[in-house]
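Below is a walk through one protein model, taken a few residues at a time. Please keep the sequence and the structure in view while reading.

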Amino acid sequence: MNVVSFRKYHGAGNDFIVIDNRHDDNTTSITSNQRNSMCHRNFGIGADGILEIMSSSTANFKLIYYNADGHVGSLCGNGSRCAIAYVLNSPDNHRSQELTFECNGVLYHGGYISQDNKYYLYMNDVQVNNIYRLDDSNYFLDTGSPHHVQFVTNIQTVNVGEVGSELCYGRYSPHGSNVNFCTRTVDNLIKARTFERGVDRETLACGTGATAVALVAHLHDTRTVVDEVSPVSYDIEMPGGTLKVEFKASKEIISDIKLIGPAVEVFQGSYPLI
Ligand SMILES: N[C@@H](CCC[C@H](N)C(=O)O)C(=O)O
């Protein structure tokens, strides 16, 4: 029987199966049905997605991210941070605390902050013009993955599964969009919950979602923007933990977007491919 070795990681409760193909001719023989079965929480390992690590000629590694439905997803912020943690902790890494990787044809940079025991990912810049204000409380933007952001008065009472699914596959049909609900608490601390496209339920955290929430909150906060670049930081509290999003903002562009949070290995194993 064909067996695949894996590690299991999570980033604030957003959990992933890590498969390292670098020493196996850089190929994968896993089908999308098998990926979907591996992610099943009762009949498989259980995960929100799969991170396949490949070698790269231009970066330290190449990441292929699959959602729990078994299909290739767009950028996964927490998954990328877990892949960074996995590669930095691999025996062939010689004390480096930062690296580059390619994902969907884009080069990213990330690393480890030892004093906080956290892993970070630098995301692509976002043009302010590409953050769409749909009405007073709804926004849409792309932070590597598409995200709808809705401000709500009480995050605890939102039916994330039902409303998230309607927005994800109704409003954004046919490709869908991740959907985030958020409530302001104190300055620069926001509570958020995410319905994830491709996982098709609420996950315990979402990195590109936390980033989307932080960028929209900044825009919300700065209706009269000053014409200078200022450093900004938000803590996004999600059900599985808190993610920090730091960036520099001007009137036109949000740059140096850094997503910071935990990335933890929880177990290793092997899975029979049937
Ligand atoms: N959990 C992710 C988001 C993953 C991408 C998404 N489900 C999609 O393909 O739209 C994150 O941490 O960013």
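Predicted model: local features only at pLDDT ≥ 70, side-chain atom pairs only at ≥ 80, totals over all residues.

C182 has a relative accessible area of 0%, so this cysteine is buried, the cut-off for buried being under 20%.

How many disulfides does the structure hold? The number is 0. C182 takes part in no disulfide, and the cysteine sulfur nearest to its own belongs to C206, 13 Å away. A disulfide requires two cysteine sulfur atoms within 2.5 Å. C103 is likewise in no disulfide; for C103 the nearest cysteine sulfur is that of C76, at 8.7 Å. With a relative accessible area of 2%, C103 is therefore buried. In general terms, a disulfide is a covalent bond that links the sulfur atoms of two cysteines.

The next stop is N104. This residue sits in the loop between β5 (98-103) and β6 (106-113). Is N104 buried or exposed? Its relative accessibility is 51%, so N104 counts as exposed, since the cut-off for exposed is over 50%. The backbone of N104 has a phi near 50 degrees, which is a positive value in a residue other than glycine.

A12 also has a positive phi without being a glycine, with a value near 60 degrees. Its place is the loop that runs between β1 (2-11) and β2 (14-20). Because its relative accessibility is 1%, A12 counts as buried.

N104 leads on to G73, as the two residues are in contact. Where is G73 found? It lies in the loop between β4 (61-67) and α2 (77-88). Neighbours within four places in sequence set aside, the contacts of G73 are Y65, Y66, N67 and N104. G73 has a relative accessibility of 10% and so counts as buried. Between G73 and C39 there are 34 residues of separation in sequence, and their C-alpha atoms are 14 Å apart in space.

The last stop is a peptide bond. Which residues does a cis peptide bond join? They are S173 and P174, and omega is about 5 degrees. P174 belongs to the loop between α3 (160-171) and β12 (178-184).

To go back over the loops: A12 is in the one between β1 and β2, G73 in the one between β4 and α2, N104 in the one between β5 and β6, and P174 in the one between α3 and β12.

Technical notes:
Residues numbered from 1 in each chain as written. Heavy atoms only, no water. Helix = DSSP H or I, 4+ residues; strand = E, 2+ residues; numbered from the N terminus. Buried < 20%, exposed > 50% of the residue type's maximum accessible area, 1.4 Å probe, protein only. Contact = heavy atoms within 4.5 Å.
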